[in-house]
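Colleague: I have a few labels to check with you. Please show me the model before we start.

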Amino acid sequence: MRHPQWVRLHGRLADCTLLPAPQFCDNLTVARLARQVPGDLVECGTWRGGMIAALAATLPGRHCVLFDSFAGLPDAQDVDGPAAVHWSQHLRDHDNCSAEERWVHEAMGRVGQRDYDVRAGWFDETVGAWATMQRPIAVLRLDADWYDGTRLCLDALMPLVVPGGVVIVDDYFDWDGASRAVHDHLAAAASPERLRTSPADEFAYLIRSGPRPPDPRRSGS
Ligand SMILES: C[S@@+](CC[C@H](N)C(=O)[O-])C[C@H]1O[C@@H](n2cnc3c(N)ncnc32)[C@H](O)[C@@H]1O
């Protein structure tokens with residue numbers, strides 16, 4: 001769905017995200033599925049922070065957590081597939097996706113979001129340490145392109161996603177490593193989770209299964 005206000009929001013954040021408007025709006029449509037679910041909004045691979053800022057604006061009142069090296073992508077490996085290795089060796093668009101950290105503060109400021117935590121560094125130095133706090137996650141957005149980062153974040157953070165929470169895998173249809181990471185994670189966890197395609201066919205996501213907290217509006221029968 002492309003609500004006019006989401007298209008306007010994209011316009012305000014366009015220099016802070018690599019996502020074009022249709023994909024940006026598709027993310028907001030899916031993230032809204034978790035609007036009744038308690039927990040943080042977490043993005044692994046923020047670049048300049050425009051997408052997580054938009055999630056914060058669309059699901060207000062949440063703590064946001066931003067993970068990024070701000071030094072760009074690590075080199076793609078064979079597991080990421082030949083197209084990724086070619087990109088990594090020869091193309092490296094957007095300065096290999098590097099970004100100055102000041103941009104994420106700019107993006108959060110534009111939507112008035114003050115409650116956020118930037119964890120700068122490689123995921124293997126930041127994500128596990130954050131996960132020890134055991135904070136519940138309502139929306140986990142993975143946008144790390146390659147196998148290693150995607151797998152590490154899934155292994156560490158999926159257990160924190162609350163039933164009914166949403167896990168978005170931005171690169172599932174783009175890079176072999178991202179899809180392999182999802183499949184390997186789910187297989188290793190013996191997980192029955194089902195993958196879904198976003199409404200505009202932009203990315204894959206899943207809705208965390210498991211018993212949800214009782215809805216007080218339906219109790220008393
Ligand atoms: C495609 S960009 C993210 C785009 C962003 N979500 C947006 O809204 O435009 C991928 C990001 O993942 C980060 N990244 C990838 N692998 C990483 C790793 N292992 N550790 C830390 N950051 C990583 C890169 O620094 C880069 O900023």
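Modeller: First, a definition: a residue is buried if 20 or more other C-beta atoms lie within 10 Å of its own, exposed if 12 or fewer, and partly exposed in between, with C-beta atoms placed from the backbone. This is a predicted model: local features need pLDDT of at least 70, side-chain atom pairs count only at pLDDT 80 or more, and totals for chains, interfaces and linings use all residues. Residues are numbered from 1 along each chain as its sequence is written.

Colleague: Why does Q134 count as exposed?

Modeller: Q134 has 8 C-beta neighbours inside 10 Å. The limit for exposed is 12 or fewer. Therefore Q134 counts as exposed.

Colleague: Where does Q134 lie?

Modeller: Q134 sits in the loop between α7 (123-131) and β4. Helices are DSSP runs of H or I with at least four residues, strands are E runs of at least two, and both are numbered from the N terminus. The C-alpha atoms of Q134 and L157 are separated by 9.1 Å, and the two residues are 23 apart along the chain.

Colleague: What makes β4 and β5 a pair?

Modeller: Two strands pair if DSSP finds at least two bridges between them. Strand β4 (residues 137-142) and strand β5 (residues 161-169) are joined by five bridges. That meets the definition. The two strands run parallel. I137 stands opposite V161 in β5.

Colleague: What makes β3 and β6 edge strands?

Modeller: The open sheet has seven strands, in the order β3-β2-β1-β4-β5-β7-β6, with mixed pairing. β3 (116-120) and β6 (196-197) each pair on one side only.
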